[in-house]
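Q: Hey, can we walk through this structure together? I'd like to start with what some of the words mean.

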Amino acid sequence: TFIAFEDLNPDYNIPVPLGNIWDSGYIPFVNIETQRKLVDINNGSMDNYIRSMARAFKKWYEEGRRKGQNRLALVAPLQEMNGYWVSYHGKPYEFKNAFMRIQRLFNEEGASSAVIWVFAPNGWSSPTDFPFEDYYPGDDLVRVIGFSSYNAGYCPSASWKSWDLPDKVYGPYIERIVRMAPTKPIIVAQTGTSGYSSKGYDIAAKNEWLREAYNYLAVQINVSGIIYFNKGVNQSCDWPFFSGATKFDGYRKGVSREEYIYISPS
């Protein structure tokens, strides 16, 4: 799920949906973003927003304790920070300072018991920008590494047209993460494929890509989980594998492998 630090009602929008997620058998993965810049976090002008968010996580955790649950959420602050498309894209030292400040404020508000901290960059960086390794806050501050990577294929809105196979979409970034943080589990935190191939919209190509992707990731020993971005934010790229009662067969076959524990979105 996604939420902004500036959310007007975190006291509801964290404990209620995350409570439903936990009660349905999931561990929530929460991306926390902002429309502000890193300087606004580091100079303290966003402290009240961050503290409010932390108190909401504490409330969610304490509600679980009263129900006999030990709730935990994977929390990725400022995901895809190495991407020029986010407002908080900046210098690596600025991000590291912001990451540390967010953690400190959560600790001060008593919310640290509810959180597994995730460093979640985009896999690809612009050649003119810093690589994600430069943003890594360090093993002491991070429990899990997440990353985003997609096959946009030939979808109409893609900046460049290229049908990339799973070993290219994931392999180089997994190798770099293992070198950067060899002891940390990896989650593919955002991923998907378009159905637009070089031949036009191609359901068979999308099914084959999905099957190959889950086959490839199943044998990556450092990868602990995959979150498929099944949302049509950019409809022209046709990310979803599940729409109404229809589920792409390639996805169904991919997640049926014995390596996966699959929980239906329904």
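Predicted model: local features only at pLDDT ≥ 70, side-chain atom pairs only at ≥ 80, totals over all residues.

Q: OK, so is Gln-69 buried or exposed?
A: Gln-69 has a relative accessible area of 18%, and the cut-off is under 20%, so Gln-69 counts as buried.

Q: Where does Gln-69 sit in the chain?
A: You'll find Gln-69 in the loop between helix H4 (47-66) and strand E3 (73-77).

Q: And which side chains make polar contacts with the side chain of Gln-69?
A: One is Asp-23, at 2.9 Å. Another is Arg-71, at 2.7 Å.

Q: What else is Gln-69 in contact with, leaving aside neighbours within four places in sequence?
A: With those neighbours set aside, Gln-69 is in contact with Trp-22, Asp-23 and Gly-64. Asp-23 is the residue from the 2.9 Å polar contact too.

Q: Let's zoom out. How many helices and strands does the chain have?
A: There are eight helices and eleven strands. The radius of gyration is 19 Å, close to the 18 Å the globule rule gives for 266 residues, so the chain is as compact as a globular protein of that length.

Q: What does the C-alpha trace span along its principal axes?
A: About 55 × 45 × 35 Å.

Q: How much of the chain is buried?
A: 50% of the 266 residues count as buried.

Q: Can we do a helix now? How many residues has H7?
A: H7 covers residues 203-218, which is 16 residues. From first C-alpha to last it reaches 23 Å, close to the 22 Å expected at 1.5 Å a residue.

Q: What is found at the N-terminal end of H7?
A: Asp-202 caps that end, with a side-chain oxygen 3.1 Å from the backbone nitrogen of Ala-204.

Q: Which residues of H7 are buried?
A: Quite a list, including Trp-209, Leu-210, Tyr-214 and Leu-217. Lys-206 and Asn-207 are among them as well.

Q: And what do the buried residues of H7 pack against?
A: Several elements, among them strand E5 (144-151), helix H6 (166-180) and strand E9 (223-228). Helix H8 (249-255) is one of the partners too.

Q: How about H5, how far does that one reach?
A: H5 spans residues 92-108, so 17 residues, and reaches 24 Å, close to the 24 Å expected. Its buried residues include Phe-95, Phe-99, Arg-101 and Phe-106. The cover over the buried residues of H5 includes helix H3 (38-42), H4, E3 and strand E4 (115-119).

Q: What follows H5?
A: Gly-110 does, and its phi is positive, near 75°.

Q: Back to single residues. Where is Ile-14, and is it buried or exposed?
A: Ile-14 lies in the loop between helix H1 (10-13) and helix H2 (15-23). Ile-14 is buried, with a relative accessible area of 1%. Setting aside neighbours within four places in sequence, its contacts include Met-53, Ala-56 and Trp-60.

Q: And Pro-10?
A: Pro-10 is in helix H1 and counts as buried at 9% relative accessibility. Pro-10 and Ser-52 are 42 residues apart in sequence, with their C-alpha atoms 6.9 Å apart in space.

Q: Last one: where is Thr-34 found?
A: Thr-34 is in the loop between strand E2 (29-33) and H3. Its side chain reaches the backbone nitrogen of Arg-36 at 3.0 Å, and Thr-34 counts as buried at 3% relative accessibility.

Definitions and conventions. Residues numbered from 1 in each chain as written. Heavy atoms only, no water. Helix = DSSP H or I, 4+ residues; strand = E, 2+ residues; numbered from the N terminus. Buried < 20%, exposed > 50% of the residue type's maximum accessible area, 1.4 Å probe, protein only. Polar contact = N/O pair within 3.5 Å; in protein donor to acceptor, adjacent residues only side chain to side chain. Contact = heavy atoms within 4.5 Å. Expected span 1.5 Å × (residues − 1). Rg over C-alpha atoms; globule rule 2.2 N^0.38 Å.
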